Amino acid sequence: MTYQNLTLETRGNVALITLNRPKALNALSSALMDELTDAVRAAEADDGVGAMVITGSDKAFAAGADIGELKAHDFARAYVENLISRNWEEPARARKPVIAAVAGYALGGGCELAMMCDFIIAADNAKFGQPEIRIGVVPGAGGTQRLTRFVGKSKAMEMCLTGRMMDAGEAERAGLASRVVPLADLVDEAVKTAQAIAELSRPAVMATKELVNTAYETTLSEGIRAERRLFHAMFSTADKDEGMAAFLEKREPDWKHR
C-alpha cells in the first residue's frame, strides 16, 4: 500500500509508524486507519522487526477521530460498515510489542489509539482526554473501558463526563503513561526502548505480552494458571537453553527466536 496519511520506516529492528495529517492534527480518518492497519500488519509480517512505535507530531499524536466523517453516519451506516471495529483494532491485536510515543494532544480516538498500544511513553507536553461528551456522543474505541482499567473508576468517570484533559505528569502518576520524557527526546527514547525489547527472545517477548494482557483481562486465578502454562512451555524453546547457558557462562545470549 502507498501511504498518504502516515509514514512507515524501519530503524534497525523497529518499525516506526508516524501519523501524518498535520493540517488536521492527525485526526483519525477512515483512510488513515486503513493505512495504519496495513502498516501494523506489514510490521507483524516482517521477520526483521521485533517491535513497533506509533507516534504523531510534536503538536498532536492524534486530536481525535475525524468528526467531519463521523457526522455523515447514522446508526444503520455505522452498524453495517462496522465503524471502528473494521479498521481500528490492529495495534491491540499485534503479537509484537507496540509502543505509543505521545506528544501534544491525544484526545478522543487519539487517546484510545494510544491505549490500544502496549504502553505509552509521553512527552512532557502530552495531553490526554476523552471529550466525546462535548459533542453529544460517548467514546467508541475503548475509551470508557481501557481508561477505567488504566486510571480507575473515579478519574475515568470524571474525564469521560467532563471532557477534562490530563497532562503528562498526571498521566504518569495515574498509570496511563509508563513515563514522561522531554519532547525533544520522545521518538529516540521510544525507539531505543523498542530496540531493547526487539533484541530479546521473540517467543519470550510475545508470551510475556500475552500474559500481561491476560492479567488485564481476566481473574487472578486464571491469570496465574495461564502464566504457569506458558512458563512451562518456555522450557521447550531453543532460546531458553541459550539464555540460561549464556547466564551461567557470563556472556551475551545469541537468540534464535525459536
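In what follows, Ala, Val, Leu, Ile, Met, Phe, Trp, Tyr, Cys and Pro count as nonpolar; Asp, Glu, Lys and Arg are charged; and the others, Gly among them, are polar. Please keep in mind that this is a predicted model.

**The largest pocket**

With those classes in hand, we can turn to the lining of the largest pocket, which divides into 18 nonpolar, nine polar and ten charged residues. In total, 37 residues line this pocket. If you want to find its centre on your screen, look for Ala65, Asp66, Ile67, Leu70 and Leu83, the lining residues that lie nearest to it. The space inside comes to about 770 Å³.

Which helix gives the largest share of this lining? That is α2, with four residues. At least two lining residues each come from α1 (30-45), α2 (67-71), α3 (75-80) and α5.

**The second largest pocket**

The second largest pocket holds about 520 Å³ of space. Its lining has 22 residues, and those nearest the centre are Cys117, Asp118, Phe119, Val212 and Asn213. Two or more lining residues are given by each of α5, β7 (119-123), α6 and α10 (202-217). Here α10 makes the largest contribution, seven residues. Sorted by class, the lining comprises 14 nonpolar, four polar and four charged residues.

**How the helices pack**

| Helix pair | Axes come within | Crossing angle |
|---|---|---|
| α5 (109-116) and α6 (143-151) | 10 Å | roughly 55 degrees |
| α6 and α7 (153-162) | 7 Å | roughly 140 degrees |
| α10 and α11 (220-234) | 9 Å | roughly 170 degrees |

Let's begin with α5 and α6. Their axes cross at roughly 55 degrees, and the two helices are therefore oblique to each other. The crossing is left-handed. On the α5 side, Glu112, Met115 and Met116 take part, and they meet Gly143, Arg146, Leu147 and Phe150 of α6. By class, this contact consists of four nonpolar, one polar and two charged residues.

Next, α6 also packs against α7, with axes that cross at roughly 140 degrees. This pair, too, is therefore oblique, but α6 passes α7 in a right-handed crossing. From α6, the contact uses Gly143, Thr144, Leu147, Thr148 and Val151, while α7 brings Lys153, Lys155, Ala156, Met159 and Cys160. Five of these residues are nonpolar, three are polar and two are charged. Gly143 and Leu147 are also among the α6 residues that meet α5.

What is the orientation of α10 relative to α11? Their axes cross at roughly 170 degrees. Angles over 145 degrees count as roughly antiparallel, so α10 is roughly antiparallel to α11. Along α10, the residues that make the contact are Pro203, Ala204, Ala207, Glu210, Leu211 and Thr214. Their partners in α11 are Gly223, Ala226, Glu227, Leu230 and Met234. This contact has seven nonpolar, two polar and two charged residues.

**Linking the two views**

Helix α10, in turn, gives the second largest pocket seven lining residues and packs against α11.

Notes:
Residues numbered from 1 in each chain as written. Predicted model: local features only at pLDDT ≥ 70, side-chain atom pairs only at ≥ 80, totals over all residues. Heavy atoms only, no water. Axes fitted to C-alpha atoms, helices over the stretch in contact; angles between N-to-C directions. Parallel < 35°, antiparallel > 145°, perpendicular 65-115°, else oblique. Left-handed = near helix turned anticlockwise from the far one by under 90°. Contact = heavy atoms within 4.5 Å. 1 Å grid on protein atoms, 1.4 Å probe; cavity = no way out; pocket = protein on both sides within 12 Å on 5 of 7 lines; lining within 4 Å. Points joined across faces, edges and corners; volume = space filled by probe spheres on them.
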